[in-house]
Structures are given as C-alpha cells and as structure tokens.
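Let's walk through this one together, question by question. Have the sequence and the 3D view open as you read.

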Amino acid sequence: MNGAPGRAAALMRGFEVVIGIETHAQLSTLSKIFSGASTAFGAAPNTQASPVDLALPGTLPVANGGAVERAIRFGLAVGATIAPVSIFARKNYFYPDLPKGYQISQYETPVVQGGAVEFFVGDVPHRVNLTRAHLEEDAGKSLHGVGREGEAGAGAPLDFQGDWTAIDLNRAGTPLLEIVTEPDMRSSAEAVEYARALHTLVVWLGICDGNMQEGSFRCDANVSVRRPGAPFGTRREIKNLNSFRFMQQAIDYEVQWQIDLIEDGGSVRQATVLFDAEHGETRAMRSKEDAHDYRYFPDPDLPPLAIDAEWIERVRAAMPELPRDRARRFQSQYSLSAYDATAMTPSLRTADYFESVAAASHEPKLAANWIMGEVTRRLNAAGSDDIAIAPATLAALIARVADRTISNAAAKQLFDALWDGEGSDVDALIDSRGLRQMRDAGALERIVDEVIAANKKSVDEFLAGKERAFNALVGQAMKASGGKADPGEVGALLRKKLG
Amino acid sequence: MSDPGPHDLGVAALGRALAARELSSVEVTSHLLDRFVGHERLGAALSIDREGALAQAADADRRRGTGAAGPLLGIPIAHKDIFVTRAHPTTAGSSMLAGYRSPFDATVVERLAEAGTVTLGKLNCDEFAMGSSTENSAFHLTRNPWDESRVPGGSSGGSAAAVAARLLPAATGTDTGGSIRQPASFCGITGIKPTYGVCSRYGMIAFASSLDQAGVLARSAEDCALVLGAMSGFDPRDSTSAERPAQDFHAELAKGRAGASAAKPLQGLRIGLPKEFFPAALAGDVEAALRAALAEMARLGATLVDVELPRTELSIPVYYLIAPAEASSNLSRFDGVRYGHRAEHYEDLQSMYRASRSEGFGAEVKRRIMIGTYVLSHGYYDAYYLQAQKLRRMIADDFQACFQRCDVIAGPVAPTVAWPLGAQSDDPVANYLADIFTLPASLAGLPGMSIPAGFGAAGMPVGLQLVGNYFAEGTLLHAAHAFQGATDWHTRTPPLAEPRR
C-alpha cells in the first residue's frame, strides 16, 4: 500500500511525504491491565502500585477482561479482524521504571488486525488503513531533579540531595491500546486529521478519556520522504507527541530537515527523535545502531488470549452508533447537509445534544446552526465542553424563533441569559424581558405608515430602484417597534404598501 | 537411630494421634523444633521461626478444643524457600534476596495455613531452584540424612532431607525439571509433582514459568495425598491455574479398578515401561532395585507393558533451552532498584545493574541467565527457542501415544543414587544429563511421583518414578499407596546419629 488510493500526493519541494502514526491510547479501565490496582491519575507517587505492579517475587499477571473488551470495541469500530487467539509477549529490557525487566505487550499476534479510520481533510474524504492494534502495559515514570527542585516539586522527600532520579510506579501496568497505521498519510495535515478522528473515535467509544495533557492519548509519527515513484525512504520516529499542534509542527520541521539533508547530499539514518516544543525542532534520541534486542517471546504466565464469537457479539450489541453512521443518519433523518452532519458528530456528547434539541424543537437545521454558532462560541469562550443549557431549554428557545415569537437578535440575547443561569423558562423570560415580537397587525401597519410618511427620501430612492433604501426603511420600522416587530413581516408590509 | 517419638509419625498417623488427643500440636511442634536444632548439621533449614510455630501450634490446639478438626490441623510442616511467606525471610536460596520479606503469602502457603498446618520455617534449596544437589544454595550445603557426605538432591534438597531425617512429617517443594522427584528419590521418601496447573504458582518465585509446579515431599503416598489436597485447586491470581473443582486425593487412595482385591489391589492397572528409561547407562544397583519393585507391582496385579518415549534424550537440550530462556526473563526483576541486593559501589545505572546482579547471583544462575538471553536473542530465537517448543509439543504427544497402551509410566527417577558432595559441582553438564528421566514429564506438564523402591550402592535409597496422564494424580497415588501397603521401603529410617541435646 503506497498511500491512500485515488489521489495524487501533493509534493513538498519535489518530495513525497510519507507518514505512519502509532498511538498509545490509555484504556479507561478502573484497574490496571494485569493487577487490581487503581489507574486514577494524580495520586501520590507509588500509592497505586500493587505487589504485581512492583514486580515483587512470586507475583503473576492476570489479564483485565475490561481492557480486552475495549480492544474488541475498537476493533469492531474500525472494521478490523478480532483475533480469536492473540498472544501476550514479553519485551525484555532493563530500565528503573520497568519493574519486571520486561513489558507485557503483544508482538506477533495482536488482538486487533487490520481495519481503517475515515476522516475529512477540509471537504476531501480520506481513509487510513490500520496495521494492527495491540494491548500492552504502560511503564512507570522516572522523575529527575536536583535537591529540592525537580519534577517531584515540593513533594520531593527532604533527603533528596544533589542530582536525583525518582521512580513513580503508579502508571506501571496501566492498560494501553497501541494503534498502528500503515504509512498512508502524505502530509502533516492528513496526519493531524487522522489523529483527531482517532481521538474522537476512542473517546466516542468510551474506551479512552482522550486527555492528552495527562498522557492518555500519545502519538508517535514515523516520517520519511521520497521522490515520487521511488521506494519508501528511511524513516525517523518522532516520539510522544501529546498535542495536535505539536504533531503538525514536529512533522513539518522533520520533513524540511530530511529534505534539507537529502538535498545536501546526505542520507537519512533510522532514528528515534523527540520534538522540542520550545525550539520547534526535532532532535535525535538514539539511532538504530544502539537499538535494543528486546528478546520477545510469548509470556508463559499468560495463556493465549481467546476471544470467542459470543464475546464479540456481546460487545457489538453494546456498541454506540459510530460517528460516521450517526452523521449519515443525521443527513437522512434530519435532512442535514454532509457538512452539518459531520459538525454535529465531533463527540458523542455533541451528537446526543444535537439530537435531543432537534427532536424537541422539530427544527434540526436551526438546532445545528445554534450548536455550530452560539453554543460553540460560548464553549470556546469558556474553554470547556460543558453545555450550560439543557437541550429542552435550547429547543424551546429555537421553537420560539421558528414560530416567530421572538427575533433572532432577541433569541441571542436570551441565549446568553439562559447560559448565564438567569432562569430556564424560555416563555417566562420572553415576557419578563418584553422580547415578544409584535403580532398586532394594526399596530404594525401604523408604524409602517408612519415610517413611509417620515422618510420621503428613502421611499423615493427605493422606488427609483435602490434596494439599500428599502433596508433603511425596514430598519426604521424595526426601531420604531422597539425591536419587537418581525423584520420579515415589516418588509412584506412595506413592499405591499410601496408596490 | 534416634529414640522413637512423635517424629516417627507421618502426616496421617500424626493427624490421628492429634485427633485422639494422644498428643498436642504444641508437644509435636516443640519436639520437631528441637530436632531441627539437634540436626542443624544437615543444613535442611534456612530459617526457623520457633516462637511463631509454637504460637500457631497453640492456636491449633485451642481450635481443636473448640471443636475444629481436619487431617492437617496442628500438623507441623515447612516450606521450600521458593514460596514467599510474610512470617519469615524469603530468599530463594540466593544472596540476591538475603533478608527479603514478602508482604504476602504464596497461595500454597495460605491454603496450608487455612488447613491448620503449623509452619516451622523455610527450607534450603538450590538458588532460584536451579540445580539438583542443593549445593547451589548461596547460604550453606544440605546433607543427605542417609550419608552426610552425599548430596540430598535438589533443588528441593532441604525439604527432602528434613522429611527423611524425621524433622518434619511433610514439606512443600517445587519441581521444574525434577526438583521434587529427584531429592525424594535420593533421600528415600515419597514426592509428588502434580499436573501443571493443579497448584497455584502465585507466590512461588518463578524459575521457568511454563514448567514450575508446587508439590509435596512426605513419607508416604497417603501423606502426600493429604497435603496435596489442601494446597491445590484453582487460583484466580494465577492465569495458568487449572479451572477444575478441588479434588479429594485421599479418597483416591482406596479406589481400585474393576477386579481389584485386597491381594491384588493393582489388578487392571497397566504400567508402561519406556525402553528409553532403561538404557545401558542406568546404574546397575538402581536398575536392580527398580526391577524388583516392578515385579512387586506385577505381583499386586499390575500388567507391565513395553512402551516407547523416543525423544527422551532430546528432553535434555529442549529443557535446557526453554527453562533458561524463561529464567533469563523472570530474573530480570532482580535489578537492585526496588528490593534485594544492590551493590555498594557503582557509577551509573548500567554499572549499578551490572554490579548488583554480578554480586547477587551465583554461578549456576548466571550461567542460565546467559544461556537464556542467548537463545532468545535476535537471530537465534527461531533456531533454538522455537525449535525447542516444537520438540516439547512432540514429547508431550509421545506420552499421549504411550497412554493409549498404559495407565501409568514407570522408570527410574535418576540414573544413580545420591552422589558425594562436591562430586559434580564443577561439571554442570553432568548435572544436566542426570535429569534425563524427570525432564520428559516436566516438559509435557504431566504429574509424576517418586516412591522409595529399595536401596542401591552404599545403602543409598533408590526411587521409582511413576508418571500419569494429565490430572491423573489419583491413579498415581493409588498405585503408590498399594505398593506401600505391600512394602516397607518408605518406612525405613536413615541411621542418623543421635541429635545432640
């Protein structure tokens, strides 16, 4: 597979960019993958490490069925094969935050095989094929510092002096799903949109909390460049990209670096690099020459992981409707455009919210507009994803716009009041704030007559063909009504009288 | 020969005496604690917890006074120092873990405590159970009670010596490639290694995870059945534990086949004799004792049939690739970071690892870590580890072919009787070759026993090995029990010097 089918890759300085992504998604189980210790983030160091996590002599791993079930859920969502039998293997290396001296992972036979993730870059559909997704345990954390300063902060024990490294094993044994793509992406934009789509999916599925700051969703990008038609170039792997912005910056920098190197007559050597966000550059950590021999072999403490059809069906039955399916349904059931339908499915929460508002208001298009407009504006301003207005309340507001009880401008004013907690009864607020549009035909007619009489110049201009003058007349009438008239009705009345 | 006393009683007999209040657990425990002191020269124990043992015994007596019962209530035992225990240090016979204290008890330890046993302490073994003479213990030698100048076998040598010397009625052991059966044979006692998965490995310090299995060393099949029944059964903390209902092994002792009678208790039992188990290299004294024992089995009604285990010799290279491969990984956790030995002098992380592990591990352990690291390395894995796994499967299949034609397989446990201390300590390969008869059943995961079958050169005991099909511990125990009903080899006591008072 040399990239997604059916499209020409955009070239960068005459080179084709090739990207594959490996993502570590922390699975949202309450306990660890091979022990009963809690996975909650932020506890005091080493308080969430059981004898199994500490690798005390005599301890043994027992696979967490919840982690396996989440892997199955992911596999079904991406249309992958769920291996009826997969194998846990030991990846052997020494490091102080790896208590057993090996990491339990899956090597030759992963639980999820194949599958694909679909997404849009702008309005162009893309599809990235997955190689595999496998279960593994996370390592602990090494914290470094000098004296009382360092990553343990004020929490550093008093006897920490000089340069120190401390080990926190709370994270050791946290379940991870490592999701590996084929080298299918051809630009940093594609890579970022893939990562966003994957992030949406794992959060949507409820298998990962998606918190990138806490490391629940981390990406490694394998980047290489080649002349069009040439075989794949040598790749360098950018490790631990924990934001989409850094991913884009890191890949862009790396691509330029590799092209510079090749154009200067050099050749890329396989290496692992880190992205230095402060300086905006990638820097080599280790080269292939000092790569470990991990001595993988099947873990004799864990029998092959058997997943029967019945288990898969149980998981399938409990699957939420997937983002893509839901967007398609929004198009057919609510007559949304493809763009609106996608905009209504960035998260399960938004999709549910939209659907509740649409059903209660019977105005799906308005519901989508309000969510894309006002709701998004307030969420962005608050930097939060908690929608402060209940769906039924927003539906009531939209219904009052639709039946022309209030104007759009009044509705926006009311929306902010509702958001800020100044009540929740839409009709009561409309009345108490006097926002009801004028429905008295006689009163409106009087206003229109007065405006025509008082604005002779505009009337003449309009009659001479100047449409802008008409808008001025509508504005005058609206003003005279105290904003309570329906601008549509005012316009219609004006045209009738001036026609 | 020491004076007769409570130490002469096995598990079953002692249980009856305790139930009849002829003895109290405190009396027996105190007596055996004294014998451990008197026979310290044997080097059977690594740590004895006198106060803790007496407190447990007093508790057992108190519970019996309030109506508690059970065949193991108040019975003193001790554990091979491979099982982690909260009450004593756990070392696995290694300097790496000198003074280590576990915050939890092994499942086997926990279950035996629940059954009311009194734990005297921990017993010597080869370092991390690697060896067949107990000379690889980092702490001290263990001597064979039949001849103190000879090895007790290993790696469960402390367990075997303690039971043979009548310091304990029973002890736990572990068997990876013969570590229960061979010392039982060398010390003239009865030992059983059940099917892989019958006893939980949780809390057993791992040597080779796919082979390690806990078992019992005692004086008779009946005693083995009582202890094994209490310590076995499914454990959710061990993913390789067999999900089967608990078994009453003691009830199996009396279950003969159709046509069996008091005179012919083994009527209907087909005993397979693999010709590869009786090679020219088998010592004459051992073969003579075994042939006589097999004739006795036949007299008791068993039918002897010839079978084949054509890959018996291959079991040595297969085992010595797989076991070290797993060990090299299992022992990686002993890195000096969180517990265990850490070198005093080091410059950086790598030198800390290197110095701690160089100082903490003994020669045999290092040898196996190196072999295992090599066979798992890139480029060698397919040639060594994968090939060994294929052969392992074929060896298991060979046994299944045998079990089409017989119910149990019999043969020697070891090619010779116990050898003199130091005789093989410079020759690891000779040690490995001597495992030839115990390795096949280990690789196949089958249950095996060693039962006293007579004496060979220099008056040293000879064991007969019985191997059964998966989960056929009952068949093995029944056959051994019938044999012991007709013979007295298992009641012979080593001519120990009187303990110093």
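**A strand, a sheet, a helix and some contacts**

In β6(B), Gln213(B), Gly215(B) and Leu217(B) point one way, Ala214(B), Val216(B) and Ala218(B) point the other way, and all are buried. Buried here means 20 or more other C-beta atoms within 10 Å of the residue's own, exposed means 12 or fewer, and partly exposed is in between, with C-beta atoms placed from the backbone. Bear in mind that this is a predicted model: local features need pLDDT of at least 70, side-chain atom pairs count only at pLDDT 80 or more, and totals for chains, interfaces and linings use all residues. Residues are numbered from 1 along each chain as its sequence is written, while chains are lettered from A and ligands numbered from 1 in the order in which they are written.

Q: How many residues of β6(B) are buried?
A: Strands here are DSSP runs of E, at least two residues, and helices are runs of H or I, at least four, numbered from the N terminus. In a regular strand the side chains alternate between the two faces of the sheet. β6(B) is mostly covered, and the buried count is six of its six residues.

Q: Which residue in β6(B) is the bridge partner of Gly173(B)?
A: Strands β4 (residues 170-175) and β6 (residues 213-218) of chain B run antiparallel and are joined by six bridges. Two strands pair if DSSP finds at least two bridges between them. Asp175(B) has Gln213(B) as its partner in β6(B), and for Gly173(B) the partner is Gly215(B).

Q: What is the bridge partner of Gly191(B) in β6(B)?
A: Strand β5 (residues 190-193) of chain B pairs with β6(B) in the antiparallel sense, over three bridges. In β6(B), the partner of Gly191(B) is Leu217(B).

Q: Which are the edge strands of the open sheet in chain B?
A: The sheet has 11 strands with mixed pairing, in the order β1-β3-β2-β4-β6-β5-β10-β11-β9-β7-β8. An edge strand pairs on one side only, and in chain B that describes β1 (45-48) and β8 (303-307).

Q: At about what angle to β3(B) does helix α3 of chain B run?
A: Axes are lines fitted to C-alpha atoms, for helices over the stretch in contact, and angles run from 0 to 180 degrees between N-to-C directions. Helix α2 (residues 25-38) of chain B lies across β1, β2 (76-80) and β3 (118-123), at about 20° to β3(B). Helix α3 (residues 50-65) of chain B also lies across β1, β2 and β3, and its angle to β3(B) is about 155°.

Q: Within what arc do the buried residues of α13(A) fall?
A: In helix α13 (residues 456-463) of chain A, the buried residues are Ser458(A), Val459(A) and Phe462(A). They line one face of the helix because, seen down its axis, they fall within an arc of 100°. The arc is that of the directions from the helix axis to the C-beta atoms. On the other side Lys456(A), Lys457(A) and Asp460(A) are exposed, whereas the buried set keeps within 100°.

Q: Which helices of chain A do the buried residues of α13(A) pack against?
A: Contact means that the C-beta atoms of two residues, placed from the backbone, lie within 7 Å. The buried residues of α13(A) pack against α12 (441-454), α14 (467-480) and α15 (487-498).

Q: How many residues does chain B give to its contact with chain A?
A: Chain A supplies 25 residues to this contact. On the chain B side, the number is 34 residues.
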